[in-house]
Amino acid sequence: MTSLDPRAPLVLDTRELGRRPGVQRELSLSVPAPAELGIEVLRVPEGEQIQLELRLEAVMEGVLVTGTAQAELVGECVRCLQPIEDELFVDLQELYVYEDIRHDRSDEDLDDEVSKLEDDLLDLEPLLRDAVVLALPFQPLCQDDCPGLCIECGARLADDPDHGHEAAIDPRWAGLQALKQDED
Ligand SMILES: [Zn+2]
Ligand SMILES: [Zn+2]
């Protein structure tokens with residue numbers, strides 16, 4: 001396991017809290033988005049600023065992080081491929097456990113799922129990634145009832161709802177037509 005880089009934008013130093021339960025600090029920061037934040041069809045562009053409003057609070061076991069992240073999203077409609085712009089707004093909450101506390105735990109499986117502080121540093125990136133992916137629609141659309149693309153010519157049907165083709169091929173002949181094209 002590589003240790004955290006204190007200069008990385010999403011790595012926060014909690015030493016200031018002094019491990020004293022009840023001590024808290026409010027943070028407002030703007031950080032560049034890491035690569036591949038989101039899903040393929042909807043994401044925060046790499047380097048785009050993410051606005052973070054955070055509260056770090058020392059508790060008995062570690063540091064509790066709560067707050068919000070806000071950023072611009074870009075993507076494509078999964079039906080018609082039209083570019084989409086949207087705004088991301090997600091809640092963040094995670095308990096980062098002190099390293100020395102985790103060794104007291106007997107349940108190894110549980111231990112793997114716990115976020116840890118390393119030398120009083122915490123890494124927001126995994127938390128941010130999970131929160132963003134959970135918040136995004138699985139299949140983003142340009143509009144709820146996007147009709148998609150014409151299967152014959154690829155035109156975007158939302159731009160041209162009455163779109164049609166005069167010489168529509170009778171489905172019974174479509175197979176023959178395909179065969180004929182193969183021969184040509
Ligand atoms: Zn669409
Ligand atoms: Zn068409």
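View 1. Residues 24 or more positions apart make up 55% of the contacts in the protein chain with a separation of 6 or more; two residues are in contact if their C-beta atoms, placed from the backbone, lie within 7 Å. This is a predicted model, where local features need pLDDT of at least 70 and side-chain atom pairs count only at pLDDT 80 or more, while totals for chains, interfaces and linings use all residues. Residues are numbered from 1 along each chain as its sequence is written, and chains are lettered from A. The protein chain has four helices and nine strands (DSSP runs of H or I, at least four residues, and of E, at least two, numbered from the N terminus).

**View 2. A look into the largest nonpolar core.** Such a core is a set of buried Ala, Val, Leu, Ile, Met, Phe, Trp, Tyr and Cys residues joined through C-beta atoms within 7 Å; buried means 20 or more other C-beta atoms within 10 Å of a residue's own, exposed 12 or fewer, and partly exposed in between. This one has 24 residues, and V44, V63, A71 and L122 touch the most other members. β6 (62–76) and α3 (125–135) are among the elements that each supply at least two, with β6 giving the largest share, five residues.

**View 3. Zooming in on L122.** Leaving out residues up to four places away in sequence, L122 touches L12, T14, V63, V65, Y96 and L117.

**View 4. L149, out in a loop.** L149 sits between α3 and α4 (171–183). Because 18 other C-beta atoms lie within 10 Å, L149 is partly exposed. Its C-alpha atom is 6.9 Å from that of R79, 70 residues apart along the chain.
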